Amino acid sequence: DQTKTPYEAIGGAKTVRAIVEAFYPRVQAHPLLKPIFPEDITPVMEKQRLFLTQFLGGPPLYSEKYGHPMLRARHLPFPITPARAEAWLACMSEALDEAGVQGAVRESLWARLVMAAHHMVNTEDQ
Ligand code: HEM
């Protein structure tokens with residue numbers, strides 16, 4: 001149904017929550033990602049839940065609370081290498097599988113996430 005937003009097409013709030021809950025344990029277990037994330041991941045999970053909701057065309061929950069996302073700028077304090085971008089995407093791909101995000105909406109979301117992840121790179125691999 002072309003009139004649905006991607007947010008609606010994936011199943012709305014409960015699917016966004018499932019993605020976030022599948023993603024961060026993988027991030028925290030990943031040797032390249034673990035060192036740049038805080039030990040208390042709960043606030044990051046909540047921000048990502050708000051962000052993904054609006055990124056998918058749902059209510060603009062992130063911007064209501066934090067203003068314009070400016071994600072590249074918000075990531076500048078963290079050394080994001082090409083290898084870390086690939087690691088982030090690998091964790092996200094598994095999270096989307098676990099949350100059951102499939103089909104055309106998965107493909108278009110995936111293309112946008114790949115672009116966003118590459119855009120976040122701000123330093124070279126060591
Ligand atoms: C925050 C890493 C890509 C969305 C963060 C934080 C780190 C991080 C370390 C901050 C955690 C803290 O608050 O201490 C990475 C890495 C990426 C990546 C290594 C690899 C390319 C992305 C992408 C998106 C995204 C592609 C969105 C599609 C967010 C959001 C936040 C965040 C919404 C919270 C921003 C805020 O502080 O309000 N990320 N990230 N990240 N990231 Fe990423």
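Methionine 70 sits in the loop between helix 4 (61-66) and helix 5 (71-75). Helices here are DSSP runs of H or I with at least four residues, numbered from the N terminus. The phi of methionine 70 is near 40 degrees, a positive value in a residue other than glycine. Most residues other than glycine have a negative phi.

A word on the model: it is predicted, so local features need pLDDT of at least 70 and side-chain atom pairs count only at pLDDT 80 or more, while totals for chains, interfaces and linings use all residues. Residue numbers start from 1 along each chain as its sequence is written.

## Arginine 74

Next stop is arginine 74, which is in helix 5. Arginine 74 is partly exposed, since 13 other C-beta atoms lie within 10 Å.

## Around the ligand

The ligand has 21 residues around it, and Phe51, Ala85, Trp88, Ala116 and Ala117 are the closest. Helix 3 gives the most, with four residues.

Sorted by class, the shell has 16 nonpolar, two polar and three charged residues. Ala, Val, Leu, Ile, Met, Phe, Trp, Tyr, Cys and Pro count as nonpolar, Asp, Glu, Lys and Arg as charged, and the others, Gly among them, as polar.

## Helix 2 meets helix 6

Helix 2 (residues 13-29) packs with helix 6 at an angle of about 145 degrees, and their axes are 8 Å apart. Axes are lines fitted to C-alpha atoms over the stretch in contact, and angles run from 0 to 180 degrees between N-to-C directions. Helix 2 brings Ile19, Ala22, Phe23, Arg26 and Val27 to the contact, with Cys91, Met92, Glu94, Ala95, Leu96 and Glu98 coming from helix 6. Being in contact means C-beta atoms, placed from the backbone, within 7 Å. Phenylalanine 23 touches Cys91, Met92 and Ala95, leaving out residues up to four places away in sequence.

Methods: Helix = DSSP H or I, 4+ residues; strand = E, 2+ residues; numbered from the N terminus. Near = placed C-beta within 6 Å. Contact = placed C-beta atoms within 7 Å. Buried ≥ 20, exposed ≤ 12 C-beta atoms within 10 Å, placed from the backbone.
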